[in-house]
Amino acid sequence: MFKASSCLLVLAALTFACASAATGQDAGFRVDSLSVGSGQSATTSGLTAILTLSNAKGGRVEVWAMQEMAMFLAGRSFKVDKATIVTAGFVTLLEEALAVGPRIGINVPIGELAGQKVSLDFLEWPGVFPGRAPNSYLDHDLDKLKLMWLQMAQVNIGGLGLSYSNLKFLDEPTNHLPGAAYTQSMGNNFSATGSVVWNGNKSLPMYYIGAIWHPGR
């Protein structure tokens, strides 16, 4: 079950989204996608739901809910030549510990290969726990500044994504996370997705499977 703190954060984010939608068609937020799934990846663990909203002015909001974590992101999407850049700030509750920071994602279209669109994705996602550490790290000998940092590069060929990530989390060794994901359309508004990521620190694979709803505009 989701923790009470996670539910409160999700409720606050949904209230914001609904209120903004009432401010006007151009400025209001609309649902871009709703993703639900289970398993583990470089960014998810356990049962996961991710709601993404955007508006006509490039505004973007994301609400994440998991068994031990809830997160709210707000930012903007804009173009630089052919590249799409998404910048956001986030606040998250992980095992009852608060973390904040920025997130920057870049998508660069490359062309086509055998009729499939090819693009590159880059992600920089640092964060800091300004107060206490998550519950499972309270007995660790941590520095005063408690950091986490995810870096990712991915090549996309149609629905196939091949990625390599580095995750630095608190006092753990840097985790090298190569992975592959595939997304398959299941109709006009739905798609299925699955991924496998190798956890370098634990020397074992992590699996994730889910579904994505893209409402018609």
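How many bridges join E3 to strand E4, and in which sense do the two strands run? In this predicted model, select E3 together with E4 (residues 69-80): seven bridges join the two strands, which run antiparallel. Next, display Val63 and look across to E4, where Phe72 stands opposite.

Turn now to the pairing of E3 with strand E2 (residues 48-54), which is antiparallel and extends over seven bridges. Select Ala49 to find its bridge partner in E3, Ala65. The hairpin of E2 and E3 has four residues between the strands, and Gly58 in this hairpin takes a positive phi near 95°.

Colour E3 by accessibility: the strand is mostly covered, with seven of its eight residues buried. Glu62 is buried, at a relative accessible area of 6%.

Keep Glu62 selected and show the side chains of its salt-bridge partners. The structure holds two salt bridges. In one, Glu62 pairs with Arg60, with the closest N and O atoms 3.1 Å apart. Arg60 is partly exposed, at a relative accessible area of 25%.

Then select Arg103, which forms a salt bridge with Glu62 at 2.5 Å between the closest N and O atoms. Because Arg103 lies in strand E6 (residues 97-113) and Glu62 in strand E3 (residues 59-66), this pair ties together parts that are 41 residues apart in sequence. Arg103 and Glu62 are both buried. To finish, display Arg60, Glu62 and Arg103 together: salt bridges that share partners join these residues into one network.

Methods: Residues numbered from 1 in each chain as written. Predicted model: local features only at pLDDT ≥ 70, side-chain atom pairs only at ≥ 80, totals over all residues. Heavy atoms only, no water. Salt bridge = Lys/Arg side-chain N within 4 Å of Asp/Glu carboxyl O. Buried < 20%, exposed > 50% of the residue type's maximum accessible area, 1.4 Å probe, protein only. Pairing = 2+ DSSP bridges.
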